[in-house]
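Please read them with the structure open.

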Amino acid sequence: MYRYDEFDHAFVKERVAQFRDQTNRRVAGELTEDEFRPLRLMNGLYLQLHAYMLRIAVPYGTLSSKQMRQLAMIGDKWDRSYGHFTTRQNLQFNWPKLEDTPDILQALADVEMHAIQTSGNCIRNVTADHWAGVAADELEDPRPWAELLRQWSSLHPEFCFLPRKFKIAVTAAAADRAAVAFHDIGLKIIKNDKGEVGFQVLVGGGMGRTPMIAKVCREWLPKGELLGYIEAVMRVYNLYGRRDNKYKARIKILLHEEGDETFRKMVDEEYQKIKAAGGSVSHLVPEAEIARIETYFAPPKYDLLPDTDPQLAQHLKANAKMARWYEVNCATHKQQGYSIVNISLKPEGGIPGDATSEQMRAVADIADTFSLSEIRVSHAQNLVLPYVRKQDVVAVYHALEKAGLASANLGLVTDIIACPGLDYCALATARSIPIAQEISKRFEAPARQQEIGDLAIKISGCINACGHHHAGNIGILGLDKQGKEFYQITLGGSADETASIGQIVGPGFSAEEVPAAIEKIVDTYIGLRNKGETFLGTYRRLGPAPFKEAVYAQAAE
Amino acid sequence: MAEKRPLRQVLTANLLKDGLVVFMTDGAAWSPWIEDAAIVTGKDSALELEGKGNIAAKANVVVGPYLIDVLDVNGRPRATLIREHIRTLGPTVRTDLGKQAERAAGGSGQGGAFI
Amino acid sequence: MPLIKNGQYATDTWTRIEGEVPLPDDGDFIVDATRLKDDPSVLKPRRGRLGVLLMNTVDAEELAPHLGKLALVALEFPSFNDGRAFSQARVIRHTLGFAGEIRATGKPMADQASHLLRCGFDAFEDSPRQPLEVWQRALAAVPRVYQRDYAASKDQVRKP
């Protein structure tokens with residue numbers, strides 16, 4: 001993974017000093033809250049329902065054991081010993097004090113981390129496929145480009161006061177695990193007809209009040225042209241994005257209102273000007289720089305191992321529970337003899353995405369011993385150990401079990417994505433976590449989960465959709481109806497390469513009614529599915545009618 | 001709820017330094033407990049209370065003061081909106097955290113269960 | 001009002017003229033950018049210098065044919081978080097190659113000093129809340145930047 005050089009170290013140190021000064025000026029009254037707010041947001045510090053909240057960047061979801069341990073320490077020292085992994089691969093602490101935040105940022109800088117631009121109307125954390133570098137199906141590791149974009153976007157002088165937030169994701173596999181179609185800019189590393197590797201640039205995806213799927217803005221872009229082209233997109237957005245209405249300020253609205261063709265033309269015209277102004281090469285990514293970054297993402301020195309490990313096979317035969325976990329949570333690795341081990345942070349009935357400092361340390365220790373000290377965070381609020389040898393899987397399983405981190409439910413009905421919701425968030429209209437907990441408990445039986453198969457349930461506590469409910473196979477949106485929490489269910493969303501936005505199934509439900517409604521939906525699927533067909537497949541084949549009927553039929557009974 | 005009661009309000013904010021939820025008391029001080037909050041009825045006294053809150057915000061003691069509606073429940077003020085009620089408790093999914101936990105440990109000095 | 005230019009207090013020789021008031025021969029005057037189209041007489045040679053105030057809703061490229069006759073372009077921040085003028089400055093300074101003064105007016109924050117300079121601004125208006133020291137301190141807080149072609153100086157950026 002990327003390692004800071006002297007420049008990077010100095011940069012984050014300067015950010016800490018800058019924020020410490022700004023905080024001191026705020027406390028002394030030299031800055032008003034209106035003046036200070038954008039400055040603290042640029043360092044990821046929100047004011048939420050109960051306290052401040054600090055959102056720490058985990059660039060493209062990659063963490064070292066050392067960094068994970070530091071996060072655990074920060075949780076113990078300055079917070080309540082737990083953190084929440086988010087749908088943008090970041091980590092949130094819910095109880096920091098303003099006066100402690102400069103020290104927290106210093107503790108982060110000490111391990112090459114920061115909270116820069118995790119909030120505010122600027123370019124946010126660049127996310128990537130959480131199996132980058134190890135996925136069997138990827139073209140190449142997308143993370144060097146995510147790292148390049150991270151550096152390029154950090155304190156970019158022109159693009160820090162945009163109409164609204166801006167989110168970029170990168171993927172390099174046909175199977176899209178980074179939800180690029182739902183980002184302001186989605187980058188797909190692909191080969192053109194000549195077999196050259198470059199970027200397909202998607203623009204204008206997003207969730208929120210008006211979910212939209214990104215459109216192709218550039219079919220294929222040579223790698224070296226990435227920054228110049230993105231600069232063109234950002235300039236068009238900065239100049240022409242709406243600033244009159246917070247809910248119409250994302251680039252997706254600009255694209256929609258201008259039309260795809262016109263927008264593409266605006267970007268191309270701007271890009272031509274950038275190329276002309278800079279001479280023939282200055283807009284290009286310096287090859288030396290990308291080569292430098294790429295060295296950090298070179299594959300590790302893998303052991304040469306056979307495809308199957310006989311000891312593992314034996315253990316799987318003898319231990320049905322572990323076999324189930326292996327089947328569900330462990331994915332095919334690019335390198336023979338290795339496995340991608342996924343850690344579910346969705347214990348049945350638990351709080352999705354939360355981990356205690358103790359659990360973080362356990363994961364760090366396991367990663368040190370069994371995963372070359374590297375961990376990933378997925379946008380589904382789970383963790384990944386990317387470099388586990390098959391011969392170590394048994395030991396890893398037992399260690400995870402000990403830490404309460406061995407739920408065998410990756411991608412299943414109880415692997416629910418939920419935002420913090422009204423339990424934590426000042427923007428929320430309803431609670432999301434208790435809904436997730438109730439659904440999870442209802443479906444917790446392993447046999448039931450196995451029967452249902454892959455099912456992505458995603459819950460948002462308000463229209464801002466941080467729980468990505470629009471992209472849920474089953475989505476749940478928490479609203480307020482005459483002072484009571486009220487939930488709208490959507491069906492048929494998907495965040496992968498077949499991206500789709502869920503459709504509302506009908507009138508909403510009270511909190512108490514939601515689990516039963518979900519159960520009716522699931523039972524309908526099971527009753528109507530073809531062999532081997534997922535929930536999403538059945539829904540797309542049959543449409544909403546049978547589900548609507550099942551959910552609302554009891555009114556007629 | 002058949003009876004129409006006069007609108008009762010309290011002023012709440014977050015402390016600048018640590019972000020914790022507080023309520024303005026009769027003495028224009030700040031308490032973490034809603035039971036200590038000054039309760040106003042009627043528009044004039046509400047505006048006056050808001051004014052005091054804004055002074056405290058300008059003095060950099062608190063951030064974002066605002067009025068919330070409360071009902072009298074067993075002699076104690078209870079926020080009418082669920083959002084504001086959660087703010088007086090803590091996360092409902094972690095009853096070991098926030099004011100609800102401090103109350104359970106006797107922190108509010110008021111004793112007794114709080115609904 | 002006092003001007004901050006090139007990191008120091010400077011005398012502001014410019015006067016804002018609104019509408020179609022004819023310009024005296026002597027003196028530096030800032031007119032509405034729209035006047036360049038509506039009243040071409042404003043461009044005729046004078047002893048004094050000409051500057052324009054460009055609204056942040058206007059395409060900076062519209063100034064391209066006139067930049068040779070301008071000594072100053074003033075851009076506006078209706079509020080500090082309306083960042084359109086950053087792009088306008090970038091276009092005027094970098095794309096169009098303007099070498100005159102680019103002034104930030106309205107309500108930029110001193111904490112944006114580094115962003116302003118790196119986009120091509122070189123003059124800011126002083127105010128009681130944001131005297132020179134505050135701008136200087138804000139600038140000193142960003143000695144190092146990543147964006148190669150947006151640097152105030154070559155020493156600032158990451159070397160390849």
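This is a predicted model: local features need pLDDT of at least 70, side-chain atom pairs count only at pLDDT 80 or more; totals for chains, interfaces and linings use all residues.

**Notes on the chains and their contacts**

1. Chain B and chain C do not touch. Their nearest C-alpha atoms lie 15 Å apart.

2. Chain A and chain B do meet: 21 residues of chain A and 20 residues of chain B take part in the contact. On the chain A side, 11 of the residues are nonpolar, 3 are polar and 7 are charged.

3. How is chain A divided into domains? The assignment gives domain 1 (6-109), domain 2 (135-293), domain 3 (310-402) and domain 4 (418-555).

4. Domain 1 of chain A and domain 4 of chain A have centres 33 Å apart, taken over C-alpha atoms. The two domains are in contact through 7 residues of domain 1 of chain A and 7 residues of domain 4 of chain A. The domain 1 side of this contact has 2 nonpolar and 5 polar residues, with no charged residues.

5. In chain A, strand β18 (residues 474-481) pairs with strand β17 (residues 457-460). These two strands run parallel and are joined by 4 bridges. β18(A) also pairs with strand β19 (residues 484-491) of chain A, here antiparallel and through 8 bridges.

6. One residue to look at in β18(A) is A:I476. A:I459 stands opposite A:I476, and A:I476 in turn stands opposite A:I489 in β19(A). As background for reading these strands, side chains in a regular strand alternate between the two faces of the sheet.

7. β18(A) and β19(A) form a hairpin with 2 residues between the strands. In this hairpin, A:Q482 takes a positive phi near 50 degrees.

8. Chain C contains 4 helices and 8 strands. What is their order along the sequence of chain C? The pattern is β-β-β-β-α-β-β-α-β-α-β-α.

9. Why can chain C be called compact? A compact globule of 160 residues would have a radius of gyration near 15 Å, and chain C agrees with this because its own value is 16 Å. The C-alpha trace of chain C spans about 45 × 35 × 25 Å along its principal axes.

10. Of the 160 residues of chain C, 39% count as buried. Among contacts in chain C with a separation of 6 or more, 44% come from residues 24 or more positions apart.

Definitions and conventions
Residues are numbered from 1 along each chain as its sequence is written. Chains are lettered from A and ligands numbered from 1 in the order in which they are written. Ala, Val, Leu, Ile, Met, Phe, Trp, Tyr, Cys and Pro count as nonpolar, Asp, Glu, Lys and Arg as charged, and the others, Gly among them, as polar. Two strands pair if DSSP finds at least two bridges between them. Domain bounds come from an automatic or database domain assignment. The radius of gyration is taken over C-alpha atoms; the globule rule is 2.2 Å times the number of residues to the power 0.38. A residue is buried if 20 or more other C-beta atoms lie within 10 Å of its own, exposed if 12 or fewer, and partly exposed in between; C-beta atoms are placed from the backbone.
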